[in-house]
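Here are my notes on the two-chain model you passed along. Have it open while you read, and take the points in any order you like.

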Amino acid sequence: MRSDPADYEFVAPASLGAVVSLLAERPGEWLPIAGGTDVMVQYAAGKLAARKLVSLWNLRELRRVDVSDTEVVIGAGCTYTDLREHQIVRREFPLLASAASWTGGIANQNRGTLGGNIVNASPAADSLPSLLVYEAELILVSARGERRVEYVDFHTGYKKTLLASDELIRAVCLSRRYEDYVSYSRKVGARNAQAISKVCVAALGRTVDGLVADVRIAAGSVAPVPARLRETERAVSGKAIDAALLQQARSTAMREIHPIDDIRSTSAYRSAVAGNLVVEFLQSLQTAGHRA
Amino acid sequence: MSAARGELEISFTVNGEVRTTRAYPMERLLDVLRRQLDLTGAKEGCGEGECGSCSILMDGALVNSCLVPVLQARGATIVTIEGLAPATQLSRLQQAFLDCGGAQCGICTPGIVMAARHLLDKNPHPTQEDVRDGLSGNLCRCTGYAQICEAVLEAASREASSASSASRG
């Protein structure tokens, strides 16, 4: 049954400060909506519990990218298109830029935002594994001030986050230290666009003297939250990449994850494919090491 | 006519003209365009942002109007399919669709043409791969997409050749 627009209050304050004040006055009463690519789907299906919404769309304080020598601070209001088109994001954070290009289609990328994607907290979200391997930090803002948290701590359970009821994500901070790393990402879905992933993997690593160094592997759609595969990382760290290591990495990854059967895929398929993607990453790391 | 409780006056530019309408802020832009402004070119195919039938340009960006609450369109510059060419003429893009058989039932066509317009505005010389990517958010159940791709590539070549002859002349 469709939602009736007459039943809703929706306001669009002109500044982040005004939004934050509103959330402070009535914590939990106003649902923030940015590009609407998740909220409006729920609304259209008559499944939106909230009756009061506050717009974050196009707020100058959120839709910006600030670059310093050491980090890139991406405003939570940046759209996927903003990420795809930003020169420094493309060059230094290709895992995030490619994830943005795989999300929905062009029209959704022009409206969906990074902050919205994080707060919506789907374990299948394409961009979130890349934030895990880049070890992103989030700047959260409320009337009480700002706090900085490590992204890895942000998701506390299926669709549950650290965000307080009066709080927003203001920005995502990425350290500018990954230019020399080998990066790998792959999304497996029913088609190249407009498909929620069956499995997606993002990974970064280096080899030093032929041995795996500083490897980070994260996956989506294999757990209730986007997951760093730390056991798999430990299994390969400091080792040479040979057939035995690839096999060990595959079996560790498959043991480490907890995928489910759902409408898109099965646990068995997800496990097998995740194992394959981890192997594919390590093979690309090996190839890059030979070239160096 | 007095506004019903909750309705707001919202103005934006549509196809070059400033339009003011009264709507609930959570009304979908698609519905406001179709019902209040009589711009029925944009269609509802899914209501979920998956099919692209409702595509329009908002501040130069292709968006699914079924997912835009009209309050977020306040002050925006909107272009719908009706705005691509004056009423009695077809643009080169539209003519290419006719010439290449790029439409059958036509329900996806306004959205597909808007996506093509957006693609060509950003990339005047697309490859076939680029065309598929640019239209990947638009579903067609009739054509199998081949004639659509052909039409967009044909339009690109016609626009490019008249652009270069314009600069020559």
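1. Starting with chain B: of its 169 residues, 46% count as buried. Buried here takes 20 or more other C-beta atoms within 10 Å of a residue's own, exposed takes 12 or fewer, and partly exposed is in between, with C-beta atoms placed from the backbone. Before going on, keep in mind that this is a predicted model, where local features need pLDDT of at least 70, side-chain atom pairs count only at pLDDT 80 or more, and totals for chains, interfaces and linings use all residues. As for labels, residues are numbered from 1 along each chain as its sequence is written, while chains are lettered from A and ligands numbered from 1 in the order in which they are written.

2. Along the principal axes, the C-alpha atoms of chain B fill a box of roughly 55 × 40 × 25 Å.

3. Next, the fold of chain B. There are five helices and five strands, in the order β-β-α-β-β-β-α-α-α-α along the sequence. Helices (H or I, at least four residues) and strands (E, at least two) are DSSP runs, numbered from the N terminus. Among the contacts in chain B with a separation of 6 or more, 57% are between residues 24 or more positions apart. A contact means that the C-beta atoms of two residues, placed from the backbone, lie within 7 Å.

4. Where do the chains meet? The contact takes 26 residues from chain B and 22 residues from chain A. On the chain B side, strand 4 (61–64) and helix 3 (109–122) are the elements that give two or more residues, and strand 4 of chain B gives the most, with four residues. By class, that side of chain B has twelve nonpolar, eleven polar and three charged residues. The classes are simple: Ala, Val, Leu, Ile, Met, Phe, Trp, Tyr, Cys and Pro count as nonpolar, Asp, Glu, Lys and Arg as charged, and the others, Gly among them, as polar.

5. Have a look at B:L84, in the loop between strand 5 (77–79) and helix 2 (92–99) of chain B. B:L84 is partly exposed, with 19 other C-beta atoms within 10 Å. Leaving aside residues up to four places away in sequence, B:L84 touches B:S91, B:L93, B:Q94, B:V113 and B:R117. From B:L84 to B:G111 it is 27 residues in sequence and 12 Å in space, C-alpha to C-alpha.

6. Over to chain A, where the domain assignment gives domain 1 (5–55), domain 2 (65–175) and domain 3 (183–291); such bounds come from an automatic or database assignment. The C-alpha centres of domain 2 and domain 3 of chain A lie 21 Å apart. In their contact, 20 residues of domain 2 of chain A meet 22 residues of domain 3 of chain A. Helix 5 (94–102), helix 8 (128–133) and strand 8 (155–157) of chain A are the elements giving two or more residues to the domain 2 side. That side divides into 13 nonpolar, six polar and one charged.

7. Is it enclosed or open? Seven of the nine residues of helix 5 of chain A are buried, so this helix is largely enclosed by the rest of the structure. The buried residues are A:L95, A:L96, A:A97, A:S98, A:A99, A:A100 and A:S101. Their cover includes helix 3 (80–85), helix 4 (87–92), helix 6 (106–109), helix 8, strand 11 and strand 12 of chain A. Just after helix 5 of chain A, A:G104 takes a positive phi of about 60°.

8. Last, two backbone angles to check by eye. Most residues other than glycine have a negative phi. A:Q194, however, has a positive phi near 55°. A:Q194 sits in the loop between strand 11 (182–188) and strand 12 (199–208) of chain A and is buried, with 20 other C-beta atoms within 10 Å. B:D38 also has a positive phi, about 60°, in the loop between helix 1 (29–36) and strand 3 (55–58) of chain B. With 8 C-beta neighbours inside 10 Å, B:D38 counts as exposed.
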